Amino acid sequence: EEQKRLLQNRPEQPQSPRVLRIAVIGAPNAGKSTLCNQLLGRKVFPVSRKVHTTRCKAWGVVTQEDTQLIILDTPGLTNPLKAKRHNLDETMLTDPWDSMKHADLVLVLVDVSDHWTRNSLSKEVLKCLSEFPQIPSVLVLNKVDILKKKFLLLEIVTDLTEGIVNGKKLEVKPALEQGSSSSAKSSLHITRASPPESKVPPFGQEKNQAQEGSGLDKSSEVGGAGTGEAQGPKHHRPEDLKDVRGWPHFQEIFMLAALRGEEVETLKRYLLMQAKPGPWEFHSHVLTNQSPQEICDNIIREKVLEYLPLEVPYGVTQMTEIWEEGECGELLIVQSLLVPRESHKRMLIGRGGSVISRIAREAGQDLMNAFLCDVRLKLKVEVKG
């Protein structure tokens with residue numbers, strides 16, 4: 001009831017409110033929800049090693065002093081064939097595009113630990129960027145802590161940006177060419193955001209404070225970009241993207257490890273600086289536009305995805321039977337998990353109830369952290385009738 005009231009009421013407004021809507025897009029399992037949770041400071045979006053954990057777009061809200069960031073966490077960009085294979089709703093295909101329509105800035109997240117995909121943006125991501133070329137975009141390389149050969153980051157950046165960032169060519173500095181460990185480490189700090197209280201320059205005119213020791217030198221300008229007189233990226237037709245691997249119109253590059261929180265604060269400061277004057281859309285106490293029931297469903301599904309093999313968890317249907325608040329503020333939740341086959345039921349329960357009890361225990365703990373109250377979660381498994 002409290003969440004519903006906060007979402008329905010008109011938000012309070014500071015004297016000079018600023019706001020920024022951020023669409024987070026990328027291939028499935030790039031770490032979008034993990035990054036969103038870190039930016040919010042609390043887990044409200046489901047995360048799993050399995051693809052398509054996020055099944056619909058959800059908004060997170062960061063309110064800091066006079067600035068509000070609205071983070072649009074979206075399902076991973078996919079195609080109709082993969083959506084059908086994973087039994088995904090049609091909104092999984094449309095939600096990322098819908099989020100782009102409302103965004104002031106887009107973060108493109110790439111998993112650099114995946115050597116199969118890290119050197120090129122997916123066709124779905126490229127299509128999304130080319131469809132909305134007027135929206136400023138930022139490249140975020142995630143899971144850099146897993147990448148043992150840090151010198152590969154320069155190659156990845158060059159491929160994903162086509163060697164151009166903020167309208168300027170990237171140049172390799174001699175130290176990085178030698179592959180020394182110190183220069184490789186410094187390449188993790190290409191972008192340095194100024195403190196939020198500093199004046200906000202227009203997009204594309206920020207002084208890159210870490211450029212001197214970054215290993216990447218944004219030197220010569222391309223076509224006058226970044227000068228304030230340049231033409232922005234133009235709309236591309238699908239056939240134009242056939243042989244394209246990167247996007248030469250990123251404003252900035254960030255390298256971080258979302259799961260460990262490394263460099264996330266740097267990105268957050270940058271986002272706060274990019275906010276523009278405008279009214280707040282949510283009350284300052286709102287953390288997400290999701291209802292508590294939606295958060296509960298998402299967290300339980302996350303655990304089911306984590307502990308069931310292959311395609312099995314995508315066929316599980318959730319039904320909440322009891323949702324009651326006790327006298328002392330504790331929350332009692334009873335949910336049934338409906339599976340299509342008896343064999344799936346045995347897998348979900350596990351030997352001696354080991355799997356389902358682990359899911360209930362871990363999901364219950366996450367719900368306590370999300371709701372900041374005691375949670376008693378009971379799960380039942382049944383075959384669909």
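Tutor: Ala, Val, Leu, Ile, Met, Phe, Trp, Tyr, Cys and Pro count here as nonpolar, Asp, Glu, Lys and Arg as charged, and the others, Gly among them, as polar. By that division, the lining of the largest pocket holds 11 nonpolar, seven polar and five charged residues. The model is predicted, with local features needing pLDDT of at least 70 and totals for linings using all residues. Residues are numbered from 1 along each chain, and hydrogens and water are left out of side-chain values.

A pocket is an open set of points on a 1 Å grid where a 1.4 Å probe fits, with protein on both sides within 12 Å along at least five of seven lines; lining residues have an atom within 4 Å of a point. Of its 23 lining residues, Glu1, Glu2, Gln3, Pro292 and Phe371 lie nearest the centre.

Two or more lining residues come from each of helix H1 (2-8), H10, E11 and H12; these are DSSP runs, at least four residues for helices and two for strands. H1 gives the most, with four residues. Domain 1 (1-172 + 240-277) and domain 2 (292-383) each supply at least three lining residues, their bounds coming from an automatic or database assignment.

E11 also belongs to an open, mixed sheet ordered E11-E12-E13, where strands pair if they share at least two bridges. Strand E11 (317-325) and strand E13 (375-383) are at the edges with a single partner strand each, so one side of each has no neighbour in the sheet. E12 (residues 331-339) pairs with E13 in the parallel sense over nine bridges, and Leu331 has Val375 of E13 as its bridge partner.

Methods
Predicted model: local features only at pLDDT ≥ 70, side-chain atom pairs only at ≥ 80, totals over all residues.
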